[in-house]
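Thanks for making time for this one.

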Amino acid sequence: RSNRRSGVPSRLVSENVNDVPSPTDLPANVRRLVDEIENEIGETGLAADDIAGEVSRDGGIDDGKVEAAVREILVEIGDDPDRQGLVGTPERVHRMNTELTAGYHVDADRLINGAIFDVGYSEMVVVKDIPFYSLCEHHLLPFFGSAAVAYIPRGRVIGLSKIPRVVEMYARRLQIQERLTQQIAEFLQTRLDPQGVGVVLE
């Protein structure tokens with residue numbers, strides 16, 4: 001079991017977390033995931049047809065390049081992309097990857113939605129056992145685990161329900177664990193200016 005930790009000192013100047021565009025021209029299944037992350041994870045579930053791969057992606061820009069590339073991969077490894085079990089695979093792979101990388105399209109301001117409050121509280125705030133699912137950028141294979149996020153406020157706190165959404169926003173990208181912990185920590189450091197932040201992934 002791997003264990004990745006990231007701590008951010010209060011003096012750190014973070015990256016701009018608003019450099020990701022709003023979700024425009026996205027397939028409907030990805031727009032739905034982005035909306036869930038920005039509003040409430042799990043508020044709506046994926047349709048059973050989407051999970052089963054029976055519904056085509058609608059909306060968004062689709063020039064077929066991804067599907068064509070997947071077909072080429074299938075040929076290269078020695079299989080027949082036109083056989084029954086693989087006919088729908090290129091489209092399913094395309095849909096899967098757009099969903100697994102939906103975090104690129106999340107608007108951080110919509111995610112927070114004003115849920116940062118001035119509070120005279122300086123005890124550590126901890127949210128544990130946050131499940132995450134991500135995609136390794138080196139081999140495009142999934143990895144998953146749980147996150148624990150903690151910070152010591154300096155007069156400002158964020159709604160607790162927002163922290164799992166921040167984890168989700170950064171997890172649904174091509175990632176490595178070290179960067180994922182750092183991005184979560186820097187997000188909170190930039191928004192809250194706490195005395196310190198810690199993130200552990202297991």
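Arg179 counts as partly exposed, at 30% relative accessibility, where partly exposed is the band between buried, under 20% relative accessible area, and exposed, over 50%, with a 1.4 Å probe and protein chains only. Its side chain meets that of Glu137 in a salt bridge, 2.8 Å from N to O, the term being used for a side-chain nitrogen of Lys or Arg within 4 Å of a carboxyl oxygen of Asp or Glu. Arg179 lies in helix 7 (residues 177-192) and Glu137 in the loop between strand 3 (125-136) and strand 4 (142-152), so the pair ties together parts that are 42 residues apart in sequence. Glu137 is likewise partly exposed, with a relative accessible area of 30%.

Residues are numbered from 1 along each chain as its sequence is written, and side-chain values use heavy atoms, with hydrogens and water left out.

The structure holds ten salt bridges, and a second one worth looking at joins the side chains of Glu38 and Arg110, at 3.0 Å from N to O. This pair links distant parts of the chain, with Glu38 in helix 1 and Arg110 in helix 5 (residues 108-112), 72 residues apart. Glu38 is buried, with a relative accessible area of 1%, whereas Arg110 is partly exposed at 43%. Asp82 lies in the loop between helix 3 (65-76) and helix 4 (89-100) and Arg71 in helix 3, so here the parts tied together are eleven residues apart in sequence.

Helix 1 itself, residues 28-39, can be checked for length: at 1.5 Å a residue its twelve residues should span 16 Å, and its end C-alpha atoms are 16 Å apart, which agrees; the expected span is 1.5 Å times one less than the number of residues. Its buried residues include Val30, Leu33, Val34 and Ile37, and also Glu36 and Glu38.

What does the chain as a whole contain? There are seven helices and seven strands, taken as DSSP runs numbered from the N terminus, with helices being H or I of at least four residues and strands E of at least two. Along the sequence they follow the pattern β-α-α-α-α-α-β-β-β-β-α-β-α-β. Of the 202 residues in the protein chain, 43% are buried.

Finally, a word on confidence. The mean pLDDT of the protein chain is 82, and 77% of its residues reach 70 or more, pLDDT being the predictor's confidence in each residue, from 0 to 100. Over residues 9-18, however, the pLDDT is below 50, and this stretch has 22 contacts in the model beyond near neighbours in sequence, a contact meaning heavy atoms within 4.5 Å. Residues 41-59 also stay under 50, and for them the model has 39 contacts beyond four places in sequence. Where pLDDT is low, the predicted coordinates should not be read in detail.

Key. This is a predicted model: local features need pLDDT of at least 70, side-chain atom pairs count only at pLDDT 80 or more; totals for chains, interfaces and linings use all residues.
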